[in-house]
Amino acid sequence: MQRNGHEGHSKHTSRWEYAPSPEPRDVLKLQPRYGLFINGEFVEPHIGRYFTTLNPATEEVLAEVAYADAEDVDRAVRAARRAYETIWSRLPGKERAKYLFRIARILQERSREFAVLESLDNGKPIRESRDVDLPLTIAHFFYYAGWADKLEYAFPGRTPRPLGVAGQIIPWNFPLLMAAWKIAPALATGNTVVLKPAETTPLTALLLCEVFQQADLPPGVVNIITGDGQTGAWLVQHPDVDKIAFTGSTEVGKLIQKAVAGTRKRLTLELGGKAAHVIFEDAAIDQAIEGIVNGIYFNQGHVCCAGSRLLVQESIAELVIRKLKRRIQLLRIGDPLDKNTDIGAINSLQQLRKIERLVEIGIQEGAEIYQSDCALPNRGYWYRPTILTKVSMAHTVAREEIFGPVLSVLTFRTPDEAVQIANNIRYGLSAGVWTNKGSKYLEFAARVKAGVVWCNTYNKFDPASPFGGYKESGFGREGGVHGLAPYVAF
Ligand code: NAP
Ligand code: MG
């Protein structure tokens, strides 16, 4: 699909052609087949069923992965319970910390291998997996290692106790990082874990099991079960799970909330988003353009907190849109393992179809589409960086999460109107604001209903900073001292 607007771009926007610079794959030894990681070892699934995971950039099969059914889920939960009761809940915090520090250090040593595998299984550019996913994953383990023996300072005057077995379910957009966000605080607080990665991106979580073995983590403290949504549902329903931590779509989050209603299970949900990214007329425009590009095209827009709704002040709208159009022509799409690549592959055919369908609806509802006209590889799942203009909040593309490299542009006149539009949505995960006036961004940050508000930057993360949503973006916080609370009782 190639329907560019009337504005020409060929004169001033030719891409520099760099020589290919692929990251070697041979740092990695992929096994043809992976079992379930239960009680410290890889085991066969009990009915012997396997499914494949693909490289979305080439459609090649990377490996076969075990399918966990209800009985396998039960096996994993029993292993986690045993490890909780016999070892993990009895270990002093400083001993738990040693394991977490060890995991972090081994990940540092093996980070190149993990980065290559993440790019292969997910489709994200190696520059991101290497410079974002891996450093943040490692930092998360280090950060929570530091808390493990200091919990009484996190909750002054109270004595925090672990909950027991945590069932954790994660999506495909940041597979290893989401595993770290779930596992590190759970272990630091003395819980044991059964984690289910997404069907299309199980491999880095499985490689992480090797790290647990290398670190001598006691068997059963972390169990990884692969499968599909049904596997996740079995984990949620298991009667011996004390806590469910879920990151994924709002739709599935609602199903899970219903499933645990009336049980003793504790629940945190990190769900979808539709962030407002607000550019005031007094912003540093060229920096804001980079922020906008980073906010929506980073990781192919497979980001729950992506700045997918651009709210630009009317007086500068034309200028910003013109600069953005020129900028997206310079983004390189292609081989995720190439260090020059800006935009990798869409994670699955299903996700690609969802993006195409929502953009089609946008056009039918009157939005104007502008896309980069760069060449796309012949195989694999790709979507060009896209800008939709002439959008209002009545449009589906302004309300629904697209989860792809598609920016919907709206305009506003006054700061009040910007806040109104930003909040006129069922989500409340994140927002961004660009202005050179401190008072303006402080007021915006106070009035916008979003868990994270970035000022004059976007998509910046730190393990010490809590992350989580309002409204239908979920509840509970991950990261920071706040991220310990969902895993303790008093
Ligand atoms: P999804 O369909 O909700 O899947 C998320 C996870 O839940 C996957 O492991 C999935 O397994 C599993 N699952 C599916 N159905 C289930 C059920 N009935 N019971 C239990 N588990 C079930 O979400 P997605 O489309 O893969 O991921 C994208 C979504 O995640 C977006 O909406 C995005 O905004 C959100 N997200 C939110 C955050 C955040 O922190 N707020 C972070 C990242 C992503 P299978 O993959 O095997 O089907
Ligand atoms: Mg895959």
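I started at Tyr34 and looked for its bridge partner in S5, which is Val65. I noted that this is a predicted model. Tyr34 falls within strand S1 (33-34). I then checked how S1 and strand S5 (residues 61-66) run, and they pair in the parallel sense over 2 bridges.

Next I asked how many bridges join S4 to S5. I found 5 bridges, and these two strands run antiparallel. I picked out Thr52, and its bridge partner in S5 is Glu64. I also looked at the link between S4 and S5. They form a hairpin with 6 residues between them. In the turn I stopped at Glu59, which has a positive phi of about 70°.

**Gly35**

I moved on to Gly35, in the loop between strand S1 (33-34) and strand S2 (36-38). Is Gly35 buried or exposed? I read 12% relative accessibility for Gly35, so it counts as buried, the cut-off being under 20%. I then listed what Gly35 touches, leaving out residues up to four places away in sequence. The list is Phe42, Val43, Ala66 and Leu206. Gly35 and Phe461 are 426 residues apart in sequence and 33 Å apart in space, C-alpha to C-alpha.

**The magnesium ion**

Which residues coordinate the magnesium ion (ligand 2)? I found Thr53 (OG1), Leu54 (O), Asp121 (O), Asp121 (OD) and Thr200 (O), at 2.2 to 2.7 Å. I wrote the spacing of the donor residues in sequence as T-L-x66-D-x78-T. Leu54 lies in strand S4 (residues 50-54), while Thr200 lies in the loop between strand S8 (192-196) and helix H7 (203-214), so the pair ties together parts that are 146 residues apart in sequence.

I checked the accessibility of both residues. Leu54 has 29% relative accessibility and counts as partly exposed. Thr200 is partly exposed too, with a relative accessible area of 25%.

**Ligand 1**

I turned to ligand 1 and counted 28 residues around it. The closest are Ile170, Trp172, Ser249, Leu271 and Glu401.

I then looked at some oxygen contacts of ligand 1. An N or O atom in the side chain of Ser249 is 2.6 Å from an oxygen atom of ligand 1. For Lys196, a polar side-chain atom lies 3.0 Å from an oxygen atom of the ligand. For Glu199, I had to look at the backbone: an N or O atom there lies 3.1 Å from a ligand oxygen. On its own, ligand 1 has 900 Å² of accessible area, and the protein covers 87% of that.

Methods:
Residues are numbered from 1 along each chain as its sequence is written. Chains are lettered from A and ligands numbered from 1 in the order in which they are written. This is a predicted model: local features need pLDDT of at least 70, side-chain atom pairs count only at pLDDT 80 or more; totals for chains, interfaces and linings use all residues. Side-chain values use heavy atoms; hydrogens and water are left out. Donors are N, O and S atoms within 2.8 Å of the metal (3.2 Å for Na, K and Ca); water is not among the atoms, so sites may look incomplete. Helices (H or I, at least four residues) and strands (E, at least two) are DSSP runs, numbered from the N terminus. Buried means under 20% relative accessible area, exposed over 50%, partly exposed in between (1.4 Å probe, protein chains only). Contact means heavy atoms within 4.5 Å. A residue is near a molecule or strand if one of its heavy atoms lies within 4 Å of it. A polar contact is a pair of N or O atoms within 3.5 Å; within protein, one must be able to donate a hydrogen and the other to accept it, and residues adjacent in sequence count only if both atoms are side-chain atoms. Accessible areas come from the Shrake-Rupley method with a 1.4 Å probe; for residues, only the protein chains shown count as cover. Two strands pair if DSSP finds at least two bridges between them.
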